[in-house]
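Subject: Structure handover

Hello,

Here is the structure for your files. My notes on what was found follow below it.

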Amino acid sequence: MPSFEITPIATVRNDRTDVQDTDNWGAVRSTITVDERFGEACLQGLEGFSHVEVLFVFDQFPEKGDYREPRPYRGRFDLPPVGIFAGRGPRRPNRIGVTCCAIESVDGRELTVVGLDAVSGTPVIDLKPAMREFLPTDVTQPDWVTDMMSEYFRP
């Protein structure tokens, strides 16, 4: 397959620096500073939305070399093994993460969000306003996922 290059558009700043600290993201306040090449009005109009989808790169994790074998989710042997595309963890091909976050404020090139599960210094590759028409209405998932993720976005 052909490869492509992505240049980050912004950087995350918050109080979270430990990439191994994987739960309790719900109250994390992050400021996303967009690169000056996009100008001071690049976020104009985003303040009218309640949420934004943040696409970012798990740049502090190495990509694994072999993804063919299902593995226990989060390395927990009490959970069933899953294929690489049945999880959202950072050790994945291309290391792309995406999270829908509440918008707290928009000020020039600075976007402040709550609930972004990315550590300080993380490169952002895109921002997209969350729109009802793009959100699913009937999401289902295995019960073990609900149990495992119960602390993830807890403050």
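In which strand does threonine 99 lie? Threonine 99 is in strand β6, residues 96-107; strands (E, at least two residues) and helices (H or I, at least four) are DSSP runs, numbered from the N terminus. Please note that this is a predicted model, in which local features need pLDDT of at least 70 and side-chain atom pairs count only at pLDDT 80 or more, while totals for chains, interfaces and linings use all residues. Residues are numbered from 1 along each chain as its sequence is written, and side-chain values use heavy atoms, with hydrogens and water left out.

Threonine 99

Threonine 99 counts as buried because its relative accessibility is 6%; buried means under 20% relative accessible area, exposed over 50%, and partly exposed in between (1.4 Å probe, protein chains only). Its side chain makes a polar contact with the side chain of aspartate 117 at 2.3 Å. A polar contact is a pair of N or O atoms within 3.5 Å; within protein, one must be able to donate a hydrogen and the other to accept it, and residues adjacent in sequence count only if both atoms are side-chain atoms. Beyond four places in sequence, the contacts of threonine 99 (heavy atoms within 4.5 Å) include Val52, Val54, Phe56, Leu116 and Phe153.

The core

The largest nonpolar core has 20 residues. Such a core is a set of buried Ala, Val, Leu, Ile, Met, Phe, Trp, Tyr and Cys residues joined through side-chain atoms within 4.5 Å. Among the residues with the most contacts inside this core are Val52, Val54, Leu116 and Leu127. Two or more residues come from each of β1, β2, β3 (51-57), β6, β7 (110-114) and β8 (123-129), and β3 gives the most, with three.

Backbone

Most residues other than glycine have a negative phi. Asparagine 24, in the loop between β1 and β2 (29-34), has a positive phi near 65 degrees. Arginine 95, in the loop between β5 (81-82) and β6, also has a positive phi, of about 50 degrees. Asparagine 24 counts as partly exposed because its relative accessibility is 32%, and arginine 95 counts as partly exposed at 23%.

Phenylalanine 4

Phenylalanine 4 is in the segment before β1 (10-13). At 64% relative accessibility, phenylalanine 4 counts as exposed.

Regards
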